[in-house]
Amino acid sequence: MTDWGACERRLAAGIETLGIDVGAPAQAQLIAYLRELSTWNATYNLTAVRDPLAMVTRHLLDSLSVLDFVTGASVADIGSGPGLPGLVIAITRPRMAVTVVEANRKKAAFLRHARRRLELDNVTVVQERVESFESTDKFDSVICRAFAAADECARLAGHLIAPGGRFLLMKGRDPAEELVDLPLDFRHVDTVALSVPGLEADRHLAILEPGLI
């Protein structure tokens with residue numbers, strides 16, 4: 001039996017430690033999202049993390065650790081899986097238009113279910129490979145979490161970034177070696193070491209911008 005009260009307390013404590021602006025209604029909705037993910041995961045194996053309490057740390061807080069770096073009016077989450085970090089961003093930043101791109105049929109089905117169940121009107125679900133996804137409107141932020149090496153991410157999804165926009169790559173260890181072979185139309189702006197409450201593993205965020213070096 002899942003102790004959802006413990007999940008709520010861990011989430012609230014982690015948000016306080018991160019020092020980010022996520023109010024009680026959004027926290028409740030994040031737990032509602034986690035409940036849906038846990039239920040679906042039992043049947044469809046959407047994530048290798050099975051314990052909801054561990055999901056709070058490894059999924060919710062990990063996603064929330066980059067929240068203040070996601071800027072602009074629109075964001076695309078590439079290879080979103082079950083909505084990480086895309087649905088977390090959508091829940092906590094309801095005025096931001098969030099597009100989640102996921103090719104896997106079962107994961108895309110969950111994304112559509114979660115959008116309906118949580119009434120996330122700011123979310124668009126795209127079931128397609130990212131290199132085939134063409135959008136008339138480009139995105140202020142494009143983010144991906146454990147999707148591919150930095151140079152491959154830029155090649156596959158770089159066409160989605162608006163002029164002046166940013167590409168945010170969520171990584172474990174410092175991705176310095178991956179940044180050597182970036183396409184010439186991207187430049188590395190910064191790599192930020194992240195601290196996720198309760199997680200001992202390394203976390204980094206590489207920030208890229210379009211434009212010739």
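**Notes on helix packing and salt bridges**

1. Arg-155 and Asp-151 both sit in helix H6, which covers residues 150-157. They are four residues apart, about one turn of the helix. The model is a predicted one. Arg-155 forms a salt bridge with Asp-151, and the closest N and O atoms are 3.1 Å apart. Are the two partners buried or exposed? Arg-155 is exposed, because its relative accessible area is 51% and the cut-off for exposed is over 50%. Asp-151 counts as buried, at 19% relative accessibility.

2. Stay in helix H6 and look at Ala-154. Ala-154 is buried, with a relative accessible area of 4%. What does Ala-154 touch, leaving aside neighbours within four places in sequence? The contacts are Phe-167, Leu-182, Pro-183 and Phe-186. Take Phe-167 as one case. Ala-154 and Phe-167 are 13 residues apart along the chain, and their C-alpha atoms are separated by 8.0 Å.

3. Now the salt bridges as a group. Side chains of opposite charge can pair when their charged atoms come close. How many salt bridges does a search of the whole structure find? The count is eight. One of the pairs is Asp-62 with Arg-145, where the closest N and O atoms are 2.9 Å apart. This pair links distant parts of the chain. Asp-62 is in helix H3 (residues 52-64), while Arg-145 is in strand S4 (residues 139-145). The two residues are 83 residues apart.

4. Check how covered that pair is. Asp-62 has 3% relative accessibility, so Asp-62 counts as buried. Arg-145 has 19% relative accessibility and also counts as buried, because the cut-off for buried is under 20%.

5. Compare a pair in loops. Arg-93 forms a salt bridge with Asp-68, with the closest N and O atoms 3.8 Å apart. Arg-93 lies in the loop between helix H4 (86-92) and strand S2 (97-101). Asp-68 lies in the loop between H3 and strand S1 (74-78). The pair therefore ties together parts that are 25 residues apart in sequence. Arg-93 is partly exposed, at a relative accessible area of 23%. Asp-68 counts as exposed, at 51% relative accessibility.

6. H3 is mostly covered, with 10 of its 13 residues buried. Among the buried residues are Pro-52, Met-55, Val-56, Leu-60 and Asp-62. What covers the buried residues of H3? The cover includes three helices, H1 (4-18), H2 and H4. It also includes strands S4, S5 (161-171) and S7 (203-210).

7. Ser-38 counts as buried, at 17% relative accessibility. Not counting residues up to four places away in sequence, Ser-38 touches Trp-4, Pro-52 and Met-55. Pro-52 and Met-55 are buried residues of H3. Trp-4 belongs to H1, and Trp-4 is among the H1 residues that meet H2.

8. Next, the packing of H1 and H2. Their angle is about 130°, and their axes are 10 Å apart. H1 and H2 are therefore oblique to each other. H1 passes H2 in a right-handed crossing. On the H1 side, the residues are Trp-4, Cys-7, Glu-8, Leu-11, Ala-12 and Ile-15. On the H2 side, they are Gln-27, Leu-30, Ile-31, Leu-34, Arg-35 and Ser-38. By class, this contact has eight nonpolar, two polar and two charged residues.

9. H2 also packs against H5. H2 covers residues 24-44 and H5 covers residues 105-117. The angle is about 150°, with the axes 11 Å apart. H2 is therefore roughly antiparallel to H5, because angles over 145 degrees count that way. The crossing of H2 and H5 is right-handed. From H2, the contact uses Tyr-33, Glu-36, Leu-37, Trp-40 and Tyr-44. From H5, it uses Lys-106, Ala-109, Phe-110, His-113 and Arg-117. By class, the contact of H2 with H5 has six nonpolar, one polar and three charged residues.

How values were computed: Residues numbered from 1 in each chain as written. Predicted model: local features only at pLDDT ≥ 70, side-chain atom pairs only at ≥ 80, totals over all residues. Heavy atoms only, no water. Axes fitted to C-alpha atoms, helices over the stretch in contact; angles between N-to-C directions. Parallel < 35°, antiparallel > 145°, perpendicular 65-115°, else oblique. Left-handed = near helix turned anticlockwise from the far one by under 90°. Contact = heavy atoms within 4.5 Å. Nonpolar A, V, L, I, M, F, W, Y, C, P; charged D, E, K, R; others polar. Salt bridge = Lys/Arg side-chain N within 4 Å of Asp/Glu carboxyl O. Buried < 20%, exposed > 50% of the residue type's maximum accessible area, 1.4 Å probe, protein only.
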